[in-house]
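Please read the following note alongside the sequence and the model. The points are numbered so that each may be checked in turn.

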Amino acid sequence: MSIAHLLEDFTLQAGGGKLHLLDEDGLEEQRLAAFEQGYAAGWEDAVQAQEQNRGRISTELAKSLEDMSFTYHEAVTRMTLSLEPMFNSLMLAVLPETLERGYIIRLAEQLTDMAREQINEPIQVFVPEGLAAEVKEMLPEGMAKMAQVISDPQIKPGQARLQVGISRREVDCGGLLTSIRAAFDAYVFEAKEALSNE
């Protein structure tokens, strides 16, 4: 007599039907399907982790670049403000002296240019009071003989009015210095404003 009736039958499914046993090919297909499913799930997890990592790195990089940009602009602003005394002395001492030295050279260049257009016309140079003799002496020899240098109380230092025949020009070295000074003052003002807004 068999004892099979005493042992539980595992060939029956929970619903009461017979359990279907797989052959080697079926079992291999199930293994491959499970491997594919696990591989796909692992791939999705890796892609998701990479996207999260990329987002974090992008955020950190943007913040670092922003910090570097801020630091660079702050450094430039502070450097500009530290150079302000040097620029002030440049504006008050060096440039005026340089323009004063170049004043007569500028007059000679303008007169030469004008004389080319109107040959043998009378040349008149109107300069500030007290400079007529100095300007006459500094003009090139050929031009000094032809030019009449006249002191004009209405002309300010650094300025001159040139006339060759009917052609007229004005030279204003003082105006150039004033515009350079205004541009520098505006730049320093902006730098101070930027620094105070930090």
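In which strand does Ala147 lie? Ala147 lies in strand E2, and the points below begin from there.

1. Basis of the note. This is a predicted model, in which local features need pLDDT of at least 70 and side-chain atom pairs count only at pLDDT 80 or more, while totals for chains, interfaces and linings use all residues. Residues are numbered from 1 along each chain as its sequence is written, and side-chain values use heavy atoms, with hydrogens and water left out.

2. Strand E2. Helices (H or I, at least four residues) and strands (E, at least two) are DSSP runs, numbered from the N terminus. Strand E2 covers residues 147-151 and includes Ile150. Ala147 is buried, at a relative accessible area of 4%, whereas Ile150 is partly exposed, at 21%. Here buried means under 20% relative accessible area, exposed means over 50%, and partly exposed means in between (1.4 Å probe, protein chains only).

3. Ala147 and Leu111 are 36 residues apart in sequence, and their C-alpha atoms are 9.2 Å apart in space. For Ile150 and Leu111, 39 residues apart along the chain, the C-alpha separation is 14 Å.

4. Distances elsewhere in the chain. Leu131 belongs to the loop between strand E1 (123-127) and helix H3 (132-138), and Leu131 is partly exposed, with a relative accessible area of 23%. From Leu131 to Phe35 there are 96 residues in sequence and 101 Å in space, C-alpha to C-alpha. Ala49 is a residue of helix H1 and is partly exposed at 43% relative accessible area. Ala49 stands 72 Å from Tyr103, C-alpha to C-alpha, with the two residues 54 apart in sequence.

5. Helix H5. This helix, residues 173-196, has 24 residues. From its first C-alpha to its last it reaches 35 Å, close to the 34 Å expected at 1.5 Å a residue; the expected span is 1.5 Å times one less than the number of residues. The buried residues of H5 are Cys173, Leu177, Phe184, Val188 and Ala191.

6. Salt bridges. A salt bridge is a side-chain nitrogen of Lys or Arg within 4 Å of a carboxyl oxygen of Asp or Glu. By this rule the count comes to five. Side chains of opposite charge can pair when their charged atoms come close.

7. The side chains of Asp185 and Arg181 meet in a salt bridge at 3.4 Å, N to O. Both residues lie in helix H5, four residues apart, about one turn of the helix. Asp185 is partly exposed at 35%, and Arg181 is partly exposed at 24%.

8. Glu60 forms a salt bridge with Arg56, the closest N and O atoms being 3.1 Å apart. Glu60 and Arg56 are both in helix H1, four residues apart, about one turn of the helix. Glu60 is partly exposed at 42% relative accessibility, and Arg56 is partly exposed with a relative accessible area of 42%. Arg31 and Glu28 also meet in a salt bridge, at 3.6 Å, N to O. Why are Arg31 and Glu28 separated by about one helical turn? They are so separated because they are three residues apart in helix H1. An α-helix has 3.6 residues a turn, so residues three or four places apart point the same way. Arg31 is partly exposed at 48%, as is Glu28 at 39%.

9. Surface patches. Patches are made of residues with over 30% relative accessible area and no salt bridge: like charges are joined within 9 Å, and nonpolar side chains (Val, Leu, Ile, Met, Phe, Trp, Tyr) within 5 Å. Asp23, Glu24, Asp25 and Glu29 gather in a patch of negative charge on the surface. Lys and Arg count as positive and Asp and Glu as negative, with His and the chain ends not counted; the place of a charge is taken as NZ of Lys, CZ of Arg, CG of Asp or CD of Glu. Asp23 lies in the segment before helix H1 (24-82) and is partly exposed, at 49%.

10. The nonpolar patch. Phe35, Tyr39, Trp43 and Val47 form a nonpolar patch on the surface, with about 490 Å² of accessible area together. Accessible areas come from the Shrake-Rupley method with a 1.4 Å probe; for residues, only the protein chains shown count as cover. Trp43 is found in helix H1 and counts as exposed, at 55% relative accessibility.
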